[in-house]
Amino acid sequence: MRLESSEYNGTLLTTNQKFSNQFPVSLFPSAFLTYKVTDKQDLQVNYSRKINRPNFFQLIPFYDYSDPVNISVGNPNLIPEFTNLVELGYQYQIDKNHSVLATAYGRITNDLITRYQFKDKNILDPTKDSIAYNSFINANSANTFGLELTSKDKLTKWWDVTTNLNLFNST
């Protein structure tokens, strides 16, 4: 179990614009259970709650003109996204050189940080029409459910091959 809170404060030196955001205290539980079925088989159940905070460039309200075709600006009102993740796994050790892991998972993310494009006045040339700016906003949510299959095969003393297949649906 983890308990945390965060806060940021900033001042845009070119305009003296101040911005800040404070995130409330939140709990982040994690639980990992493994049941050994036999010497070669395990069942695993995992739950965790995660946080993804917006990064500095997503937050700072500074217009980046380094690429005049893709002008970007941060959004100081972004809040972190929170994800609840559940996994159910089955691992089978075929022999000392080969193993297989199958994991079914579900992930629900609230306040998803996503790219956003909007039209506004052309700051570079006010005599021209409005232009599109790139920024970030919090979307409602995202749901992802899937099945991941992983095999690990030791071919020689110095060569391991790990194969991974991930089938999922995300909305």
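In which strand does Tyr92 lie? Tyr92 lies in strand 7; strands here are DSSP runs (E, at least two residues), numbered from the N terminus.

## Basis

This is a predicted model, in which local features need pLDDT of at least 70, side-chain atom pairs count only at pLDDT 80 or more, and totals for chains, interfaces and linings use all residues. Residues are numbered from 1 along each chain as its sequence is written, and side-chain values use heavy atoms, leaving out hydrogens and water.

## Surface patch

Tyr35, Val37, Leu43, Tyr90, Tyr92, Ile94 and Val100 make a nonpolar surface patch of about 590 Å². Strand 3 (30–38) and strand 7 (81–95) are the elements that give two or more residues to the patch, and strand 7 gives the most, with three.

Nonpolar side chains (Val, Leu, Ile, Met, Phe, Trp, Tyr) are joined within 5 Å, like charges within 9 Å. Areas come from the Shrake-Rupley method with a 1.4 Å probe, and for residues only the protein chains shown count as cover.

## Nonpolar core

The largest nonpolar core has nine residues: Tyr8, Leu12, Phe19, Phe23, Leu59, Ile60, Leu78, Ile113 and Phe136. Strand 1 (2–12) and strand 2 (17–28) are the elements that give two or more residues to this core. A core is a set of buried (under 20% relative accessible area) Ala, Val, Leu, Ile, Met, Phe, Trp, Tyr and Cys residues joined through side-chain atoms within 4.5 Å.

Methods
Patches are made of residues with over 30% relative accessible area and no salt bridge: like charges are joined within 9 Å, nonpolar side chains (Val, Leu, Ile, Met, Phe, Trp, Tyr) within 5 Å. A salt bridge is a side-chain nitrogen of Lys or Arg within 4 Å of a carboxyl oxygen of Asp or Glu. Helices (H or I, at least four residues) and strands (E, at least two) are DSSP runs, numbered from the N terminus. Buried means under 20% relative accessible area, exposed over 50%, partly exposed in between (1.4 Å probe, protein chains only).
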